[in-house]
Amino acid sequence: MTLATLPLTNRQTGPAPVAPSPASEAPPPTSDTATAASGTTAHASETAATTPGTGRRWSLPGDLTRAQTYTAAAIVAAALALAGIGLYLSFEHVAVFAHDRLKFATLGKARLFTVGVDVGILVLIALDLLMAWLRRPIGWVRFPVWLLTGATIVLNAASAAPAAGAWTALDYVAAFAHGIVPVLFIAIVEVGKTAIDRVVRPDAQDGPGVPVHRWFLAPAPTFALWRRMKLWALATYTEAVELDKELRVYRVMLEREYGSVRKAPSDARLPLTMARYGLTVAEALALPQEATERAQALRDAEEAARVAAKEREADRATEAEIAAIRRAGAVQAARTEVDASTSRTEVLAAAEVAAAERSATAETAAVESASVAEAEARRAAAEQRAAEARQRAAEADQAAAEVERDASEARRRAAEDEAREEAARTATERARQDRAEAEKLAAEAEQGAAEARRRAAEAERAAVEAEDELSLTPRDRKIRKVARMILTEGGGHPEHLPLESVMAAFTVSQTTASEYRTAAAQILAEGYNPQGR
């Protein structure tokens, strides 16, 4: 059996971890609620109530039988009597001891000290029981109670110590007798708190802790197991034992496969390395694959970001070029229109000036001339020149019309540029659609590749199962695996399979990899077929 087919015990995962809450809202787990033993089979009804200030509803047991009621009352009365007896004895013994041995100035101050310690214990116990009753237990309150009670026990035991001389057996018995009542009182308080917790939280679940006998039989391994349970939130002792058993079995299988754990590949040693972090064997073995997938996802995301950046840059360049062409066309049209208007105005002004000058010259000549005929002739000539000027003005209008036609042509070209811009947009949109189609085809190709990998994995698993049935040696298994690699990676040609792939697959030298490939080529030539076994 290889490590790939090693049957591993599945770790029973508990509820998903939640964020830690304040101590006042995080009650420690309690044991499963036990059903009350009574002579009747009737179920106790529950009366709904609301916790003040929280709005949450909780239940109280009701309809106790008469025997149960009397028993509970007797237990409470006995506990109170025991508390009174313990306080009375502790008060007297500790007060006298504090005055005589602890250097309190007066007996009154010693008694005040004793009263303070006893009242502090009672207040903390009452607070602990009240918070348990309200289903808001504070786990750390019991520790100062135990500390103060321990101090009381020590003071009570010390009060029975002999003033001078060696201790006798009777002195030890007296010290034990002075401290036994506070111990009983604390035990009853803890039992009462647990009973209250089970009553108000009947659905609370708590797995059993480490058995006491294991601490005596194997202290060091038990401490390591308990430490792992606390550090990595293992809910139950059974779960911790299963995890430890799974790790030990895996270590033995590694030694069986490779002869020594140190000779195993680093990936195969991952469960032993990650055990200190609470990972199961399956979770640790899955780490390399998860890391590879995360790295591949990161590379894919970076490649997609680069492609998107290039596409955005190309779009911006296209839009900038289109805008530049549009601006150039608008400037050219405006320049042509202004030039045409200026030329027409200049021609008209020149014609009018020339006509006025000739008219003035003709009139002056007519006045100076004595002959009316000559003046008439000159006037006729002036009129002829005016007609010529008008003809030139008409020619100027024709030139202006031609300029207007040039401006219209410029505007037409600008419209064609806009049409080309629209065509560029259409081409860009078509390119985007083609790119989306290409991405879809790439995704389908990736899905086909994943399906092919799945089929290859199934074929590999089937081949391994067949090898298990044939009870082949590790070397024969490796040679058959190289034969399958020749079929898949080398296309059926041994020389096409690189020795580096064989070396990486089995962590062997180049010589051993060459021997594996040669033996694999031989069994393929003899008719080995993974599909046909």
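Contact, as the word is used in these legends, means that heavy atoms lie within 4.5 Å of each other. The model shown in every view is a predicted one.

**View 1. Valine 502 and the largest nonpolar core.** Leaving aside its neighbours within four places in sequence, valine 502 is in contact with Val482, Met485, Leu497, Thr507, Val508, Ala513 and Tyr516. The largest nonpolar core has 16 residues, and those that touch the most other members are Val482, Ile486, Leu497, Val502, Phe506, Tyr516 and Ala520. At least two residues of this core come from each of helix H12 (474–488), helix H13 (499–506) and helix H14 (510–525). Another core, of 9 residues, lies apart from this one, and its members include Leu247, Ala264, Leu272 and Ala275. In soluble globular proteins, nonpolar side chains tend to be buried together.

View 2. An α-helix has 3.6 residues a turn, so residues three or four places apart point the same way. After H14 comes glycine 527, which has a positive phi, near 105 degrees.

**View 3. The kink in helix H4.** Helix H4, residues 169–200, contains 32 residues, and the distance from its first C-alpha to its last is 47 Å, close to the 46 Å expected at 1.5 Å a residue. At glycine 179, shortly before proline 182, the helix has a kink of about 30 degrees. Both Gly179 and Pro182 are among the buried residues of H4, which also include Ala175, Phe185, Ile186 and Lys193.

**View 4. Asparagine 156 in helix H3.** Asparagine 156 has its place in helix H3, residues 142–159. With a relative accessible area of 1%, this asparagine counts as buried, because buried means under 20%. The side chain of asparagine 156 reaches the backbone oxygen of threonine 152 at 2.6 Å.

View 5. Aspartate 128 is found in helix H2, residues 107–133, and is buried with a relative accessible area of 6%. Apart from neighbours within four places in sequence, aspartate 128 is in contact with Ile138, Val141, Arg142 and Lys193. Aspartate 417 lies in helix H11, residues 372–470, and is buried with a relative accessible area of 17%. Although aspartate 417 and isoleucine 325 are 92 residues apart in sequence, their C-alpha atoms are 7.2 Å apart in space.

**View 6. Leucine 279 in the loop between helices H8 and H9.** This leucine is found in the loop that lies between helix H8 (270–274) and helix H9 (281–285). Leucine 279 counts as partly exposed, at 22% relative accessibility. Not counting residues up to four places away in sequence, leucine 279 touches Leu243, Met274, Ala284 and Leu287. The C-alpha atoms of leucine 279 and leucine 243 are separated by 8.7 Å, while the two residues are 36 residues apart along the chain.

Conventions:
Residues numbered from 1 in each chain as written. Predicted model: local features only at pLDDT ≥ 70, side-chain atom pairs only at ≥ 80, totals over all residues. Heavy atoms only, no water. Core = buried A, V, L, I, M, F, W, Y, C linked by side-chain atoms within 4.5 Å. Buried < 20%, exposed > 50% of the residue type's maximum accessible area, 1.4 Å probe, protein only. Helix = DSSP H or I, 4+ residues; strand = E, 2+ residues; numbered from the N terminus. Expected span 1.5 Å × (residues − 1). Bend = angle between axes of the 7 residues up to and from the residue. Polar contact = N/O pair within 3.5 Å; in protein donor to acceptor, adjacent residues only side chain to side chain.
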